[in-house]
Amino acid sequence: MRLSGKKILVTGGSSGIGLAITEGLLIHGATVAFTHTSDASLQREPVQWLLNRYPRAVPMAVNFCKPFSADQLIESASMRLDGLDVLVNNAAIFSRDSLMETTASILHQTLYVNVAAPFLLIASFARALAKRKQPGGIINVSSLSATAARSRMSAYQCSKAALEMLSTSAAFELAGLGIRSNVIAPGLVATPANEQQRTQGTGSWNERVASIPLGRAGMPTDLVGAAIFLASDESSWVTGAKIVVDGGASTF
C-alpha cells in the first residue's frame, strides 16, 4: 500500500491510460477522484467494475472541451477527498488533420484541453497547497509526440511539447513550496482512441509496432508503475523529470 493516505485527482480517468492509472493508484491505497465527460462514460463496464470494487474511487463530471473553473474543480476534489496531495493531468484530445487542414477551431480546442486546462489546474492546485503549507506532486501525461514529429498530428504534437515545458516551468517555480512536477511520456499505446486504427490493421499502425524494440505496442497498464512511483514518497527528490515509457522506441 505505497500510496495509503494519498488523495489524488486524475483528469480523463474513465478510459484508456487514465483509467489504468486510476485503478493502479487505487490498488496501492490512494483515494482517487477521476474526471469523466458524461454519464454515458460512467456506464461503461470497466468503469462500473472500478466503482463497485473501490469505494475510494470518486467520479467527477468535467468536459474540458468547454470552459471550466479550475479553482472549482480543485476545491470540489479537495472537499470530496478530504484533501488533495497529487494532481495527474491526463485528459487530452487530438485530431488527425494535416497541418494545412487544421482549422483555428481545431487548434484552439486542442491547445485549450491539452495545455490551458493543465496550466490552470496546476496553478489552482499550487495555490491550494501553498495556502495549507503542504507539499504535493504533479504528474503530466505527455507523449513521444512532444519531441518526435509524425504527419497529421501537428496540433497535438505542439500541445504536448507545450505541456512538457509547462511541467518543467512548474517544477522550477514551485520547488520552493515543496511541490514537484514531472512528466510521463508514453510511446505507442493501444487505447480506445486508436481502436479503429488497430482493428483495421492499417499499415501505419503495423509499421510503428514493428519499429518498437520490445516488439509490441504498449498497454495502458504499462504506464501505471511510473505513475505510482511519481505519486509516492519514494520520488520525493524527483522533480522536473520525464519518464519515457515506450518499449524502446526513442532509442534510435
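This is a predicted model: local features need pLDDT of at least 70, side-chain atom pairs count only at pLDDT 80 or more; totals for chains, interfaces and linings use all residues.
Reader: How is the packing of two helices described?

Author: Two packed helices are described by the angle between their axes and by the distance between those axes. In this structure, the axes of helix 1 (residues 16-27) and helix 9 (residues 224-231) come within 9 Å and cross at roughly 50 degrees. Helix 1 is therefore oblique to helix 9, since an angle of 65 to 115 degrees would be needed for roughly perpendicular and one under 35 degrees for roughly parallel.

Reader: What is the handedness of the crossing of helix 1 and helix 9?

Author: The crossing of these two helices is right-handed.

Reader: Which residues of helix 1 and helix 9 meet?

Author: Helix 1 contributes Ala20, Ile21, Gly24 and Leu25, and these meet Val224, Ala227, Ile228 and Ala231 of helix 9. Sorted by class, the contact comprises seven nonpolar residues, one polar residue and no charged residues.

Reader: Turning to the backbone, where is Asp82 placed, and what is its phi?

Author: Asp82 lies in the loop between helix 4 (70-81) and strand 4 (86-89). Although Asp82 is not a glycine, its phi is positive, at about 60 degrees.

Reader: Does Asp82 count as buried or exposed?

Author: Asp82 counts as exposed because its relative accessibility is 64%, and the cut-off for exposed is over 50%.

Reader: What can be said of Lys133 in the loop between helix 5 and strand 5?

Author: That loop connects helix 5 (104-132) and strand 5 (136-141). Lys133, also not a glycine, has a positive phi of about 55 degrees. With 78% relative accessibility, Lys133 counts as exposed.

Conventions: Residues are numbered from 1 along each chain as its sequence is written. Side-chain values use heavy atoms; hydrogens and water are left out. Axes are lines fitted to C-alpha atoms, for helices over the stretch in contact, and angles run from 0 to 180 degrees between N-to-C directions. Helices (H or I, at least four residues) and strands (E, at least two) are DSSP runs, numbered from the N terminus. Angles under 35 degrees count as roughly parallel, over 145 as roughly antiparallel, 65 to 115 as roughly perpendicular and the rest as oblique. A crossing is left-handed if the near helix is turned anticlockwise from the far one by less than a right angle, and right-handed if clockwise. Contact means heavy atoms within 4.5 Å. Ala, Val, Leu, Ile, Met, Phe, Trp, Tyr, Cys and Pro count as nonpolar, Asp, Glu, Lys and Arg as charged, and the others, Gly among them, as polar. Buried means under 20% relative accessible area, exposed over 50%, partly exposed in between (1.4 Å probe, protein chains only).
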